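Me: Please take me through this model by question and answer, with the cut-offs stated as they come up.

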Amino acid sequence: MNVPPRALVIGASETAQLLHLPVLAKLRDMHRLELVEICDLQLSKAVAARHRFGFLRDSGDAASAIARAHTDVVYVFGGCRMHHALGLAALNAGKHLFVEKPIAPSYAEAIELANAAEARHLIAVGGHNRRFLAAFERIRASAASSGWTFAEAAFHKPEFGRPPLFGAATWLSANGIHALDALLFMMGGLPEWVSAQATGTSAIPSIFSATMRWPTGAQAVLLCNNEAGTRREEYSFHVPGESFRVSDGGLIIERQGAQSFIDLPQGGDGFAAEHEAFLHSVATAASPRHAISKLAPSLFLAELIEAAHHGAVRLPTKISPARRPVRTHSVLVSNPARLRGALNAIPPDWRLVSIDEVQRSSEPYPDITAALLGQGAAPLDDHILDKLPNLQIVAVAGLSLRRYGPDRLLDRGITLVNASHAYADSVAEFVLGLAILGRRQAFTSSTAMRLGGWGAYVPARGVRAIAGRAAHHLRRVARSLGLEPALRRAWFRSSGLVRLSSALSSRQHNPPALLSGAVVGLIGWGANARESTKRLIAADARVIVYSAHGSAEDIRACKAEPTALASVLAADIVSLHRGLTPATRHCIGAAELALLRPGAVLINAARGELIEPSALIDRLKRGDIVACLDTFEEEPLPPRHRLRRMPNVFLTPHIAGGSPDMHAAAAREVTNKLVQHLQGAPAEKVTAARLATMT
């Protein structure tokens with residue numbers, strides 16, 4: 001009795017659990033294989049898949065799982081770099097291989113996989129998932145003697161504005177590879193000639209078309225638009241007098257005007273067929289139709305189309321082996337779901353280990369030299385750090401390091417990096433917007449419009465309206481009697497209802513003005529202030545800076561002027577950029593706020609605790625400044641907080657540095673810094689001196 005092969009599955013994503021693992025579970029129930037181990041960097045996914053599909057164990061360290069002797073076949077469901085790196089490791093370990101699409105980052109690397117399998121007499125296949133395999137087989141048999149004279153393939157998806165997934169160079173090799181693989185499967189191999197176009201609305205092409213010719217004279221057309229409004233996959237094949245059309249709706253056969261229809265399995269039939277064919281080849285050593293060696297040419301054709309090639313199609317006769325780094329590293333990864341595509345920046349030969357795997361192991365990991373913490377990851381406690389004796393660097397995909405115990409890490413001689421530039425870009429963009437709109441009185445104008453007013457004047461209601469009308473009438477009487485100057489002095493010394501009404505006349509103090517030519521004062525100097533300065537200078541503003549730590553040379557190098565705090569507080573716009581430390585808490589109090597000139601715009605997108613709350617309220621009551629506040633001493637801001645009811649305050653809920661694309665940029669930034677450090681290149685790091693000034 002034949003013993004079924006023992007399977008290791010690497011990758012427990014939603015797609016794998018939806019499309020692949022149910023098929024493997026059925027094959028296990030048919031005694032075609034054993035599901036031994038499921039592995040994923042996000043160990044919680046591996047644990048869930050183990051329970052759902054009946055694996056014997058789960059893990060979060062793919063390299064170690066491949067090295068274990070208890071499996072015979074390895075399935076890899078991930079990005080193309082993962083397919084190539086882990087696929088090579090599996091083949092070198094003497095294990096048969098199944099990888100998802102795209103099978104490799106390039107044709108050369110796909111051939112490297114194919115050659116490794118051939119050299120070791122192993123089966124290596126790719127899952128290009130021909131969703132219409134049964135239909136293709138049926139109609140290919142219909143034209144077996146004459147072959148096709150013309151074919152059309154359309155593969156469109158609504159991916160507008162999104163970068164290519166799976167580590168692919170473009171959406172053609174990420175998605176359209178389905179259509180190219182189907183064409184080559186149906187036409188019997190590569191064309192001899194192609195003329196292609198590759199365009200789109202971004203720097204990376206996303207719209208492709210190609211006309212192709214085969215040695216038999218047969219022709220084909222490919223259309224692949226990844227900026228479409230809907231998904232569409234459709235194929236047509238023609239011989240004289242006959243046409244076959246395949247789509248989600250089924251197979252339509254037309255012969256000289258007569259039409260017949262054949263229904264297809266819902267969702268296609270390619271997934272099960274490919275897995276069954278793989279196991280059949282493992283058992284019999286027969287070459288499968290989806291061997292990587294047979295799929296690689298479609299990847300080569302994709303590369304030609306991506307390059308808008310026009311001319312002959314010739315496979316290279318010699319493939320140079322991929323260059324390997326001199327030294328590899330092992331990287332601990334925590335919260336990989338928040339790192340997404342950033343992991344593609346890590347060299348494919350480096351080993352990635354889930355933090356959960358380390359936590360539940362009793363053994364040390366002396367090979368781990370770096371730790372990459374996704375947004376929201378838990379700090380590395382001493383129990384973890386004691387297992388990592390050679391840890392060199394911790395990269396945090398965030399700005400503040402306080403919750404990660406940075407002093408404890410620095411004491412161990414570990415380098416720290418954070419996502420300073422990604423956050424700085426986001427905050428600086430937000431500050432620029434606040435500066436422009438604050439100067440234009442846009443925020444109070446918006447409130448006025450919503451309340452039925454016009455311009456920047458906010459119409460008063462209720463008791464305030466009565467007080468305002470009374471004050472206006474009193475002013476006319478006082479002017480006729482020559483008493484207006486004395487009453488004005490009393491007005492600005494008053495409190496209660498009279499003072500409440502004055503806050504509604506901010507237009508008198510804050511006339512709309514341009515940012516161009518304005519003086520902008522920055523308090524604090526760091527990455528956020530530098531990026532803000534670049535944008536403000538480009539808008540033709542003059543920037544002055546007060547900083548207790550920034551060097552005058554650095555400030556001047558950014559075309560700003562170092563100056564005293566009093567001068568900064570007297571600027572047209574005052575923006576806070578300090579970190580929160582015991583020394584900076586409530587550094588902006590009544591004395592500092594008193595120096596703000598009438599008409600000033602105060603911006604705080606740094607930390608709410610920098611401003612003394614009661615002093616801020618008192619200054620805002622005068623109604624002659626506008627405050628744009630994104631951060632608060634108490635967050636969330638209480639529903640009935642006084643700031644919510646003041647017409648000269650614009651409030652946002654701590655969003656200057658919180659967009660999804662900023663978090664993605666932060667993940668890429670710290671991953672690149674980690675790689676640079678381990679490869680010996682200079683990488684910006686957080687020193688003890690810098691840490692002392694950070695929140």
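Reply: Helices (H or I, at least four residues) and strands (E, at least two) are DSSP runs, numbered from the N terminus. The model is predicted, so that local features need pLDDT of at least 70 and side-chain atom pairs count only at pLDDT 80 or more, while totals for chains, interfaces and linings use all residues. Residues are numbered from 1 along each chain as its sequence is written, and side-chain values use heavy atoms, with hydrogens and water left out.

Me: In which helix is Glu-429 found, and is Glu-429 buried or exposed?

Reply: Glu-429 belongs to helix H13, which covers residues 420-439. Buried means under 20% relative accessible area, exposed over 50%, and partly exposed in between, with a 1.4 Å probe and protein chains only. Because its relative accessibility is 59%, Glu-429 in H13 counts as exposed.

Me: How far apart are the C-alpha atoms of Glu-429 and Arg-535?

Reply: Along the chain, Glu-429 and Arg-535 are 106 residues apart. In the predicted model, the separation of their C-alpha atoms is 7.6 Å.

Me: Are H5 and H9 roughly parallel or roughly antiparallel to each other?

Reply: Helix H5 (residues 107-119) packs with helix H9 (residues 292-306) at an angle of about 175°, their axes being 8 Å apart. Axes are lines fitted to C-alpha atoms, for helices over the stretch in contact (heavy atoms within 4.5 Å), and angles run from 0 to 180 degrees between N-to-C directions. Angles under 35 degrees count as roughly parallel, over 145 as roughly antiparallel, 65 to 115 as roughly perpendicular and the rest as oblique. H5 and H9 are therefore roughly antiparallel.

Me: What percentage of the protein chain do buried residues make up?

Reply: The protein chain has 695 residues, with 25 helices and 27 strands. Of those 695 residues, the buried ones make up 51%.
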